[in-house]
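Here's a quick briefing on how this fold is put together. Have a look at the model first, then we'll go through it by topic.

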Amino acid sequence: MTNMATAQQVSLIGLGAMGTALAKALLAGGHEVTVWNRTPARADALVADGAKVAASSAEAMAAADLVILCVLDDAAVREHVEPAATGLRGSTVVNLTTTTPEQARALGTWAAARGIDVLDGGIMAVPEMVGGPDAFVLYSGAAAAFERYRSVLELFGRAEYVGEDLGAAAMYDVSILGGMYAMFAAFEQGGAMVRSTGGSAARLAELMTPFLHAMATLLATQAPGIDTPADFVQVQSDEFTAAAIDLIDRAATESGTSTELYGVLRRTLTGL
Ligand SMILES: NC(=O)c1ccc[n+]([C@@H]2O[C@H](COP(=O)([O-])OP(=O)(O)OC[C@H]3O[C@@H](n4cnc5c(N)ncnc54)[C@H](OP(=O)(O)O)[C@@H]3O)[C@@H](O)[C@H]2O)c1
């Protein structure tokens, strides 16, 4: 993947599990990478791979036109970006730290007033996946800045641009994670239910996994019901869905487990 012809200077702030994986991907891509981490020792291993280590976060941020942040949270981002504003003027900051949509917009407003471009990113991968075929990162903010650095950002995984609103990447990110947690909650509940009949969560996983894979392909067919509800002809009526969920709720009662989840599902999916 090395392409020295397009090598760029990139600075990366934050060398936790994720930041380290991002740094390795940048170095493997042939870029000149300056790193900084609050605990300096975490940079040591990257020096052998060719990274330069800055003495301060401000020094790192002044060293490149593309500055990537991957620290714990929004407070840590602001703590380091704000004092470095002068050195960042004219640069593009790509914030891969997980934040809320409002935090992303607020950083953008602060940066715009100081001549700094901001892209917000949501990493849909664990560190081990970075740079691999299943990793993707959501980006939002100025399309021109995204296109300018797209080839660098693609080193982390598929780069998915989701809109000009700086809050968009974070909103897609948390929505996708919400889908994941809903699935895990239903599995946890189902595991308890099948155990009441002598079954096991392991067997449920075996049976549920291919079914959910197939069901996931139906999400796209449901999208018009949310995007353009006036034109959408629902295949299953709300009454049908409510009755199906009521049946699950009743089976949960019979199993002696909680029915809390199904009330939430019924109200969310049917409004009934
Ligand atoms: N790990 C994942 O699977 C994953 C997936 C998607 C998104 N993310 C996001 O990526 C970001 C980093 O996650 P991570 O997994 O790398 O976490 P991590 O391993 O816990 O590392 C946290 C990083 O933040 C730094 N940090 C914390 N407070 C700081 C401060 N006040 N000033 C400067 N640096 C500070 C830490 O520095 P020290 O080394 O000095 O403690 C460390 O480099 C988070 O926003 C996370 O939500 C992670």
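What is the order of the eight strands in the open sheet? The order is β3-β2-β1-β4-β5-β6-β7-β8, with mixed pairing. Keep in mind that this is a predicted model, where local features need pLDDT of at least 70 and side-chain atom pairs count only at pLDDT 80 or more, while totals for chains, interfaces and linings use all residues. Residues are numbered from 1 along each chain as its sequence is written, and side-chain values use heavy atoms, with hydrogens and water left out.

**The sheet**
- Helices (H or I, at least four residues) and strands (E, at least two) are DSSP runs, numbered from the N terminus.
- β3 (52-53) and β8 (158-163) are the edge strands, each pairing on one side only; two strands pair if DSSP finds at least two bridges between them.
- β1 runs parallel to β4, joined by four bridges, and I13 sits opposite L69 in β4.
- β1 also runs parallel to β2, this time with five bridges, and Q9 faces E32 in β2.
- β2 is largely enclosed by the rest of the structure, because four of its five residues are buried (under 20% relative accessible area, 1.4 Å probe, protein chains only).

**Helix against helix**
- Helix α4 (residues 74-81) and helix α6 (residues 101-112) pack at about 10°, with axes 11 Å apart.
- That makes α4 roughly parallel to α6 (angles under 35 degrees).
- On the α4 side the contact uses D74, V77, R78 and V81, and on the α6 side Q103, A106, L107 and W110.

**Nonpolar cores**
- The largest nonpolar core has 35 residues, of which L22, I68, L96, Y139 and F156 touch the most other members; such a core is a set of buried Ala, Val, Leu, Ile, Met, Phe, Trp, Tyr and Cys residues joined through side-chain atoms within 4.5 Å.
- α1 gives the most to this core, with seven residues.
- Another core, of 21 residues, lies apart from it and includes A60, V81, V93 and L166.

Methods:
Axes fitted to C-alpha atoms, helices over the stretch in contact; angles between N-to-C directions. Parallel < 35°, antiparallel > 145°, perpendicular 65-115°, else oblique. Contact = heavy atoms within 4.5 Å. Buried < 20%, exposed > 50% of the residue type's maximum accessible area, 1.4 Å probe, protein only.
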